[in-house]
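Subject: Handover of a structure and notes on it

Dear colleague,

Please find the structure below, followed by an account of what was found in it. I would be grateful if you read the notes with the structure open beside you.

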Amino acid sequence: MLGGGAAAVVLIVAGLVFQPWLLFVDVRVADAIPAPSASAPAAMTPVDLPTPVPGSTAPATSSPLPVEPAGPVDLLGGSLISHEHETSGTVRVIQNPDGTRQLALVGLSTSNGPDVHVWLSAGPVVEGRDGWYTAASYDHIDLGPLRGNLGDQLYDIPAEVDLSVFRTVDLWCERFAVSFGAAALS
């Protein structure tokens, strides 16, 4: 009788740790992903200054002022590859007209899992089984928990993040220290 009770406890603990039911539950997210604007990021354009008041020493010249883009601009992008779980979709780094940046997961399809986070990583994307563990060996920025395993999602990128260093997106399962999938940003 004691053996059956111990086996039940082991099964309950294993269920709580591995959460196998998540493999059969899909969570779809449908954030509105902005379409890229045709304009370039903030550029300088000459602007005519008003004519000076008579007697003033200020010259009437043109001065370059920044021009905000008409809409969001794509800075970087890439395609997700599979690691420990079958994963597909694309990623985009979007700069909004106000200068804020967001990471967009577009058409994401992966397995649902416990404690999966969206990381920007300084590590490379490595295909195959070796790539499952690569991200943990490099600096990363955690953009937060993956909100769903299907659909379109937006994550804010902190202003201080240097995108010339953090050029990889990883869907990282923190509980099991494994990548579900990754994309190189270019």
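A salt bridge is a side-chain nitrogen of Lys or Arg within 4 Å of a carboxyl oxygen of Asp or Glu. Please note that this is a predicted model, in which local features need pLDDT of at least 70 and side-chain atom pairs count only at pLDDT 80 or more, while totals for chains, interfaces and linings use all residues. Residues are numbered from 1 along each chain as its sequence is written, and side-chain values use heavy atoms, with hydrogens and water left out.

**Salt bridges**

How many salt bridges does a search of the whole structure find? The search finds 2. One of them joins Asp31 to Arg147, with the closest N and O atoms 2.8 Å apart. Asp31 lies in the loop between S1 and strand S2 (43-48), and Arg147 in the loop between strand S9 (140-145) and S10, so the pair ties together parts that are 116 residues apart in sequence. Strands, here and below, are DSSP runs (E, at least two residues), numbered from the N terminus.

Are these two residues buried or exposed, or in between? Buried means under 20% relative accessible area and exposed means over 50%, with partly exposed in between (1.4 Å probe, protein chains only). Asp31 has a relative accessible area of 22% and is therefore partly exposed. Arg147 is partly exposed as well, because its relative accessible area is 39%.

Arg147 has a further contact: it lies over the face of Tyr155, at 5.6 Å from the ring centre. A charge sits over a ring if NZ of Lys or CZ of Arg is within 6 Å of the ring centre and within 35 degrees of the ring normal.

In another salt bridge, the side chains of Arg92 and Asp74 meet at 2.9 Å, N to O. Arg92 belongs to strand S6 (residues 88-95) and Asp74 to strand S4, so this pair ties together parts that are 18 residues apart in sequence. Arg92 is buried, with a relative accessible area of 15%, whereas Asp74 is partly exposed, with 32%.

**The open sheet**

Strand S4 also has a place in an open sheet of 5 strands, whose order is S1-S10-S7-S6-S4, with mixed pairing. Two strands pair if DSSP finds at least two bridges between them. The edge strands are S1 (28-30) and S4 (73-79), each of which pairs on one side only. On average, neighbouring strands of this sheet are turned by 30 degrees against each other, direction ignored. Within the sheet order, strand S7 (residues 101-109) and strand S10 (residues 150-157) run antiparallel and are joined by 7 bridges. Leu108, for example, has Gly151 in S10 as its bridge partner.

Val73 lies in strand S4 and counts as buried at 9% relative accessibility. The C-alpha atoms of Val73 and Ser37 are separated by 5.5 Å, although these residues are 36 residues apart along the chain.

**Strand S12 and its partners**

Strand S12 (residues 178-184) is mostly covered, with 6 of its 7 residues buried. Which strands pair with S12 in the antiparallel sense? Strand S5 (residues 81-82) is joined to S12 by 2 bridges, and strand S11 (residues 168-173) pairs with S12 over 6 bridges. Gly181 in S12 is the bridge partner of Ser82, and Ala183 in S12 is that of Val169. S11 and S12 form a hairpin with 4 residues between them, and Ala177 in the turn has a positive phi of about 50 degrees.

**Aromatic pairs**

The structure holds 2 aromatic pairs. Rings of Phe, Tyr and Trp (its six-membered ring) pair if their centres lie within 6.5 Å; planes under 30 degrees apart count as stacked, over 60 as edge-to-face and the rest as tilted. The rings of Trp119 and Trp172 have their centres 4.9 Å apart and their planes at 20 degrees, so this pair is stacked. Trp119 is in strand S8 (residues 116-121) and Trp172 in strand S11, 53 residues apart, and the pair thus links distant parts of the chain. Trp119 counts as buried at 5% relative accessibility, as does Trp172 at 3%.

Trp132 and Tyr133 form a tilted pair, with 6.2 Å from centre to centre and 50 degrees between the planes. Trp132 is buried, with a relative accessible area of 15%, while Tyr133 is partly exposed, with 39%.

Yours sincerely

Technical notes
Axes fitted to C-alpha atoms, helices over the stretch in contact; angles between N-to-C directions.
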